[in-house]
Amino acid sequence: MQPSDEDWMLRAIEWGRRGRPAPNPHVGAVLTRAGRLISGGHHEKAGTAHAEVNAIANAQGDTRGTTLYVTLEPCNHHGRTGPCTEAILQAGITRVVVGAVDPNPHVRGGGIDRLRAAGVEVITHVMAASAQELVAPWAKVQTTGHPYVLLSTGTGSRVLPLEMDALWVGAAELDAALLPCAPLTVVASPGVELLRRVARRYASTPDRMLVFCPEARHAEYMLAAGSAAITVVPLPYQDGTPLPLRLALRELPRYGVVTLFVDADEALEQDLCDAGLVDGHLERQLDRKVGT
């Protein structure tokens with residue numbers, strides 16, 4: 001008995017879990033012929049070949065008349081790489097099975113239409129829920145402009161999701177001898193003196209930090225950050241007043257943040273919940289440390 005479209009899509013989803021493509025989505029693809037696997041591919045890193053192109057390249061042979069299973073609708077536009085639709089057509093693939101349609105309203109359906117117009121059979125929404133889950137953080141950025149937000153729960157050590165792009169901590173924690181290991185540490189209103197102390201430590205490390213501050217104090221915060229890898233982002237609020245959370249979250253994708261892990265003070269976490277900006281929770285674990 002030959003594998004079904006659903007079986008092959010599950011294989012593509014497994015491929016799609018690989019790599020660290022943020023701010024791009026996780027995408028996987030497999031190429032088959034007559035019910036047999038030829039090759040697979042995934043999107044490893046932003047700016048590199050997409051999953052479909054890698055699956056075609058990994059076939060290392062004739063791909064004419066094959067079926068491509070891909071977790072996300074193939075792109076039909078030029079970016080840092082060429083359109084995947086053209087690579088599919090050049091490879092002679094005659095059938096494409098898609099898991100999730102592109103959530104971006106500006107390009108949604110364009111790849112499917114291009115392939116169908118060229119005579120390729122296209123089947124959509126196969127294992128759609130699982131395929132959409134794979135791209136959920138990226139889809140949120142595309143549709144809302146906000147990153148996918150996870151809050152910590154429990155009493156153990158921090159444990160970060162594999163796809164964490166940034167960790168939001170409380171200002172008091174910046175005085176710790178060892179800050180959590182994260183691709184980007186986010187903090188709001190730490191104060192100029194505290195930031196100056198932290199900047200001295202950051203000046204000798206490759207660690208990156210993003211600091212939100214009141215617009216009126218932007219110049220002070222910039223001076224305090226010095227030459228360290230600290231990005232200061234001013235927002236329209238004042239010391240002692242609530243941070244405009246939606247504006248703050250909208251800034252983060254500009255710095256490559258798709259998934260944000262928040263382990264800060266209870267007040268900030270509650271404000272995020274009350275504003276409906278939280279997408280999930282992650283249980284702390286006693287035997288895991290930040291970044292491991």
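# Notebook: loops, hairpin and charged pairs

I began at proline 23, which I found in the loop between α1 and β1. This is a predicted model, and I kept that in mind throughout the entries. The peptide bond that leads from alanine 22 into proline 23 is cis, and I noted its omega as near 10°. I wrote this bond down because most peptide bonds are trans, just as most residues other than glycine have a negative phi.

I then stepped back to the whole protein, where I counted 10 helices and 12 strands. The C-alpha trace spans about 65 × 40 × 40 Å along its principal axes, and buried residues account for 48% of the 292 residues.

Proline 3 sits in the segment before α1, the helix of residues 5–16. With a relative accessibility of 35%, proline 3 counts as partly exposed, since that value falls between the 20% and 50% limits. I also looked up the separation of proline 3 from proline 103, which lies 100 residues away along the chain, and their C-alpha atoms are 28 Å apart.

How many bridges join strand β1 to strand β2? I found 6 of them between β1 (residues 28–33) and β2 (residues 36–42), and the two strands run antiparallel. Within this pairing, threonine 32 has leucine 37 of β2 as its bridge partner. The hairpin leaves 2 residues between the strands, and in it alanine 34 adopts a positive phi near 50°.

**Other positive phi values.** I went on to glutamine 60, a residue other than glycine whose phi is positive, near 50°. Glutamine 60 belongs to the loop between α2 (51–59) and β3 (67–72), and its relative accessibility of 75% places it among the exposed residues. Histidine 125, which is not a glycine either, has a positive phi of about 60°. I located histidine 125 in the loop between β5 and α5, the latter covering residues 128–134, and I recorded it as partly exposed at a relative accessible area of 47%.

**Salt bridges.** The structure holds 9 salt bridges, and I followed some of them in detail. Side chains of opposite charge can pair when their charged atoms come close. Arginine 64 and aspartate 62 meet through their side chains in a salt bridge, with 3.0 Å from N to O. Of this pair, arginine 64 is exposed at 57% relative accessible area, whereas aspartate 62 is partly exposed at 44%.

Arginine 95 and glutamate 121 form another salt bridge, in which the closest N and O atoms are 3.6 Å apart. Why does this pair tie together parts that are 26 residues apart in sequence? The reason is that arginine 95 lies in strand β4 (residues 95–100), while glutamate 121 lies in strand β5 (residues 121–123). I checked the accessibility of both partners: arginine 95 counts as buried at 19%, a value I treated with care because buried means under 20%, and glutamate 121 is partly exposed at 41%.

For arginine 254 and glutamate 251, I noted a salt bridge between the side chains at 3.4 Å, N to O.

**A negative patch.** My last entry concerns the surface, where Asp265, Glu266, Asp271 and Asp274 gather in a patch of negative charge.

Note on methods:
Residues numbered from 1 in each chain as written. Predicted model: local features only at pLDDT ≥ 70, side-chain atom pairs only at ≥ 80, totals over all residues. Heavy atoms only, no water. Pairing = 2+ DSSP bridges. Helix = DSSP H or I, 4+ residues; strand = E, 2+ residues; numbered from the N terminus. Patch = residues over 30% accessible without salt bridge, like charges linked within 9 Å, V, L, I, M, F, W, Y side chains within 5 Å. Areas by Shrake-Rupley, 256 points an atom, 1.4 Å probe, with all protein chains shown as cover. Salt bridge = Lys/Arg side-chain N within 4 Å of Asp/Glu carboxyl O. Lys, Arg positive; Asp, Glu negative; His and termini not counted. Charge placed at Lys NZ, Arg CZ, Asp CG, Glu CD. Buried < 20%, exposed > 50% of the residue type's maximum accessible area, 1.4 Å probe, protein only.
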